[in-house]
Every structure is written in C-alpha cells, then in structure tokens.
Amino acid sequence: MGTDGATDVFEEHRPVLTGVAYRMLGRVADAEDVVQEAWLRWSGTDRAVVREPRAYLVRVTTRLAVDRLRQVKARSETYVGPWLPEPVVTDYAGTVPDAAERAVLTDSVSLAVLVVLESLSPLERAVFVLREAFGYPFAEIARILERGEPAVRRMAVRARRHVSERPPRYPVDPARQRDLTERFIAAAGGGDLEALLALLAPDARLVGDSGGKAKAPLRVIESADKIGRFLVAVTRQPPPEAEVRIREINGVPALVVLSAGRPDSVISLDVTEDGRISCVYIVRNPDKLSAVAP
C-alpha cells in the first residue's frame with residue numbers, strides 16, 4: 001500500500017478514531033494529538049501485515065488515549081473551579097441515519113456522561129467507551145487493551161454501575177430541547193426570574209467552567225432559586241457586541257454566546273423526564289471554545 005493509499009485508509013477511519021479519543025479525553029486538542037500520533041504510527045508500520053486496518057487503528061488510538069489520559073489527570077488536579085469537557089459541534093442527524101445508533105452516540109458524548117467518565121480509571125473509561133458507545137465485543141476490547149476478557153468484563157460492570165449512579169438522563173426530542181433552550185435564554189436575557197423558576201427543576205444545578213480565565217462560579221450552584229437569581233444578575237451585563245446562536249453541541253441544541261464574533265461561552269441544558277432543566281452547564285474557559293467558533 002502506497003502513501004496515498006495509506007492516507008485514504010486512515011481518513012476513512014478518522015471519524016471513529018476522533019470519536020474514541022474525544023470520549024476518552026473530553027478535550028479536542030488532546031484528541032487531535034492522539035489521532036495525529038496514531039497516523040504517525042500507521043504511516044510508519046508495515047501495512048502489508050495489517051489484515052484489519054480499522055481494528056489496528058482503533059487499538060493504537062485507544063492505547064495512546066489511555067496513556068494521554070493518565071497524563072492529563074495529573075493536570076486536572078490543579079484546575080481552577082469545576083471542570084467540564086470541551087464542547088464540540090455535532091450533527092449525528094446528518095451523518096448517522098440509524099436512530100438507535102444516533103441515540104447511543106449522542107448519550108455517550110453528552111457533557112453529563114463525559115463528566116462522570118472523568119472519575120473512572122483510564123482502563124475503565126476505555127472499556128466503557130468501546131463497549132457502550134461503539135459496541136465492541138468484550139473479546140475485541142480485551143485484545144485492544146491486552147487484558148484478559150474476564151478482567152475486561154469486570155471493568156465494564158464497574159464502569160456501567162458508576163455511570164448509572166449519575167442523575168438519569170431522558171431522551172428529549174431535539175425540537176423540544178431547542179424550544180426549551182430558546183425559552184431559557186429569553187427568560188434569562190429578559191431578567192424574568194419567574195419564567196426561569198418555571199423552567200428549572202427545584203433541585204437543579206449550575207456548573208460553570210472558566211479554568212480561572214473568565215468569570216464563572218468557582219463552585220456548583222444548587223437550587224432553582226439560586227440559579228435563577230445568578231442568571232438574572234449576570235445577564236444584566238452581557239459581553240460586548242453579544243450575539244446568541246443555537247447549535248448542536250455534544251448531541252443536543254445548546255447556546256453559543258459570541259462576543260464581537262468570537263465564542264464567549266457555551267450553555268447546555270440537561271432535562272428531566274417532565275421537561276424541566278436539571279442542570280445548566282456553562283463553559284467559559286477560552287481554551288475550550290475554539291471548536292465552536294463560527
């Protein structure tokens with residue numbers, strides 16, 4: 001296989017490799033670095049002996065992501081304030097025709113799930129991502145991680161149990177989520193506290209991520225009343241030349257706030273079974289907003 005052929009094969013599988021790396025790391029730049037390293041491994045290997053390029057590339061990418069995750073976990077210990085994954089623009093409706101597969105991909109890339117995955121060990125996270133998001137059989141995951149299949153199954157049980165302990169998420173029709181998102185920003189932007197309280201679940205939470213590089217709460221805000229009053233206060237002073245757009249972020253319609261054409265923040269909502277907001281995620285760390293730039 002020549003260089004052009006090797007590039008074509010790699011590009012064919014790049015979306016899967018990027019999906020695995022991002023779900024493992026929750027950071028776009030780290031995921032891109034891992035995929036680039038996988039390309040270097042692929043371009044330097046004897047491809048004539050590779051019978052299944054996709055399996056080889058997923059194996060290499062997963063192992064590199066496990067190594068990178070061990071490094072970034074040490075960095076996260078010094079992070080200022082709550083940590084949230086880096087938002088990414090998604091469009092599964094346009095690229096994944098199967099509704100069931102689209103639902104799995106959407107859930108596995110949601111901010112809520114990625115936050116929970118941060119508390120897993122790197123190997124547990126790899127098992128969860130490969131099994132739950134991409135449907136790999138346990139035998140194949142065992143080969144990828146060079147672990148025995150019984151050990152992989154035990155890790156899968158631990159990871160699934162841990163994720164299941166998070167507040168439950170409910171499938172929401174994209175049109176309903178968009179409508180709720182529009183009503184949320186109208187209420188917050190209009191300073192309408194009563195309208196906000198009607199949208200928020202009583203035990204709602206607000207998680208802000210600034211990394212110490214922008215204004216955002218350094219602790220999680222809990223209860224609808226406190227969240228409502230906080231939002232009304234902060235929206236009285238919008239950023240310069242503010243503009244709000246709705247885009248599909250991490251699988252759901254979310255708000256991208258621009259300041260003079262540049263991303264200022266991303267606001268994403270988790271929704272309860274009865275259609276109220278259970279969590280407001282606000283990402284303001286400028287290092288995490290490049291992937292949502294217009």
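1. Strand S4 (residues 252-259) and strand S3 are joined in the antiparallel sense over eight bridges. Please keep in mind that this is a predicted model.

2. How far can you trust it? The chain has a mean pLDDT of 89, and 91% of its residues reach 70 or more. Among the elements, the lowest mean pLDDT, 55, belongs to helix H4 (residues 92-95). The highest, 97, belongs to strand S2 (residues 221-222).

3. Now step back to the whole sheet. Six strands make an open sheet with mixed pairing, in the order S2-S1-S6-S5-S4-S3. Its edge strands are S2 and S3 (242-249), each of which pairs on one side only.

4. Strand S1 (residues 200-209) runs parallel to S6, and six bridges join the two. Within that pairing, Leu200 has Ile277 of S6 as its bridge partner.

5. S6 also pairs with strand S5 (residues 262-271), this time antiparallel and again through six bridges. Here Val266 has Val283 of S6 as its bridge partner. S5 and S6 form a hairpin with five residues between them. In the turn of this hairpin, Gly275 has a positive phi of about 85°.

6. Helix H10 (residues 174-189) lies across S3, S4, S5 and S6, and runs at about 35° to S4. Helix H12 (residues 224-234) lies across S1, S2 and S6, and its angle to S1 is about 50°.

7. Turning to helix packing, two packed helices are described by the angle between their axes and the distance between the axes. Helix H7 (residues 122-133) packs against helix H9 (residues 149-164) at about 85°, with the axes 9 Å apart. The two helices are therefore roughly perpendicular to each other. On the H7 side the contact is made by Leu123, Glu124, Val127, Phe128, Arg131 and Glu132. H9 contributes Val152, Met155, Ala156, Arg158, Ala159, Arg160 and Val163. The residues of this contact divide into eight nonpolar, no polar and five charged.

8. Helix H8 (residues 138-145) and H9 pack at about 105°, with their axes 9 Å apart. That makes H8 roughly perpendicular to H9. Phe138, Ala139, Ile141 and Ala142 of H8 meet Glu149, Val152, Arg153, Ala156 and Arg160 of H9. This contact divides into six nonpolar, no polar and three charged residues.

9. Leaving aside neighbours within four places in sequence, Thr61 is in contact with Leu17, Ala21, Val34 and Ala38.

Key
Residues numbered from 1 in each chain as written. Predicted model: local features only at pLDDT ≥ 70, side-chain atom pairs only at ≥ 80, totals over all residues. Heavy atoms only, no water. Axes fitted to C-alpha atoms, helices over the stretch in contact; angles between N-to-C directions. Helix = DSSP H or I, 4+ residues; strand = E, 2+ residues; numbered from the N terminus. Parallel < 35°, antiparallel > 145°, perpendicular 65-115°, else oblique. Contact = heavy atoms within 4.5 Å. Nonpolar A, V, L, I, M, F, W, Y, C, P; charged D, E, K, R; others polar. pLDDT = per-residue confidence, 0-100. Pairing = 2+ DSSP bridges.
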